[in-house]
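Trainee: I would like to learn how to read a few features of a model. Where do we start?

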Amino acid sequence: MDARKESEPTPMKNRTTVERKSEREWVVTRTFNGPARIVFEAWTKPELLKRWWAPKSTGMSLLSCEADVRVGGRYRFELGHEASKPMVFFGRYIEVTPHSRLVWTNDESDDGAVTTVTFEEKDGKTLLVMHELYPSKEALDGVIAGMAGMEEGMSETFAQLDELLVTLGASVGSL
Amino acid sequence: MVQYVPTGFDASFSALSDATRRGVLEQLGRADASITDLAEKFHMTLTGMKKHVGVLEQAGLVTTEKVGRVRTCKLGLRRLEEEAAWIERYRQLWGARFDELDKVVEELKQKEKVDGRKKRE
């Protein structure tokens with residue numbers, strides 16, 4: 001009955017952008033159709049994180065997901081894939097500012113990035129910006145080369161990406 | 001721009017699914033090494049290491065060159081192309097995650113609305 005206005009037919013898909021901002025830094029951006037408190041909640045409650053961190057389309061599954069989102073709290077994600085052994089990501093939250101900012105370490109290796117996610121609300125939408133700052137150019141280059149990344153937990157990303165690309169075969173030609 | 005074919009990704013995926021091979025890549029990221037060096041470092045036979053290097057080579061992740069009696073291995077990546085490809089792959093991964101996150105956000109919004117209504121009643 002009350003077909004509410006807000007649940008407008010999914011508008012144009014919001015686009016995810018990825019940019020290498022500097023020698024040591026990646027930046028990922030995306031806008032969400034919801035207030036910052038809700039987007040923030042989805043990043044900070046394990047039961048919600050679980051629902052989107054390992055998208056089915058990538059062939060991955062989240063075997064476990066612990067996230068104690070407060071300053072000094074730890075997280076640990078274990079990702080599985082039918083073709084390989086589970087991989088573990090872990091680290092510590094070093095900054096937690098409700099609804100606006102989250103910072104955590106990636107402790108799988110000494111060369112792991114520090115990830116900062118900011119949530120900026122405007123007109124009921126949230127602009128999310130994720131920075132991944134590596135300790136050195138070499139560390140970031142290593143991730144690209146898929147080597148140091150193996151120990152930095154990016155391996156899973158890599159594997160997921162590979163898998164995803166296969167799934168999205170059609171778009172591969174446009175790389 | 002170079003075209004990346006899925007089979008290449010399949011090959012690199014299976015190449016990277018092995019812990020020893022990932023270790024070898026990491027090692028080669030620090031310095032080139034001979035197969036003998038690698039075999040020693042990873043406590044395995046020459047034959048075993050040759051196999052691993054072969055898989056990596058096939059996936060285009062490693063190149064080898066024989067000088068005299070020594071076969072030297074190095075990372076076989078085309079950096080710039082790799083970076084462009086990596087960015088695209090990374091974007092696709094996060095794009096897929098965020099599409100799922102959209103659903104969660106939508107659901108939470110609806111829930112908030114329903115809860116809000118209940119409270120007012």
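Mentor: With strand pairing: two strands pair if DSSP finds at least two bridges between them. Note that this model is predicted. In chain B, strand β2 (residues 62–67) and strand β3 (residues 70–75) pair in the antiparallel sense, over six bridges. V62(B) stands opposite L75(B) in β3(B).

Trainee: How many residues lie between β2(B) and β3(B) in the hairpin?

Mentor: Two residues lie between them, and G68(B) in the turn has a positive phi of about 65 degrees.

Trainee: Now helices. Which residues of α2(B) are buried?

Mentor: The general idea is that an α-helix has 3.6 residues a turn, so residues three or four places apart point the same way. Helix α2 of chain B (residues 19–30) has 12 residues and spans 17 Å from first C-alpha to last, close to the 16 Å expected at 1.5 Å a residue. Its buried residues are R21(B), R22(B), V24(B), L25(B) and L28(B). They line one face of α2(B), because they fall within an arc of 155 degrees seen down the axis.

Trainee: And the cores: which residues touch the most other members of the largest nonpolar core?

Mentor: In soluble globular proteins, nonpolar side chains tend to be buried together. Here the largest nonpolar core has 40 residues, and V39(A), A42(A), W94(B), L101(B), V104(B) and V105(B) touch the most other members. Helix α5 (residues 79–120) of chain B supplies the largest share of this core, 10 residues. A second, separate core has 15 residues, among them A15(B), V24(B), V53(B) and A59(B).

Trainee: What is W94(B) in contact with, leaving aside its neighbours within four places in sequence?

Mentor: W94(B) is then in contact with T16(A), V18(A) and V28(A).

Note on methods
Residues numbered from 1 in each chain as written. Chains lettered and ligands numbered in written order. Predicted model: local features only at pLDDT ≥ 70, side-chain atom pairs only at ≥ 80, totals over all residues. Core = buried A, V, L, I, M, F, W, Y, C linked by C-beta atoms within 7 Å. Buried ≥ 20, exposed ≤ 12 C-beta atoms within 10 Å, placed from the backbone. Helix = DSSP H or I, 4+ residues; strand = E, 2+ residues; numbered from the N terminus. Contact = placed C-beta atoms within 7 Å. Expected span 1.5 Å × (residues − 1). Arc of directions from axis to C-beta.
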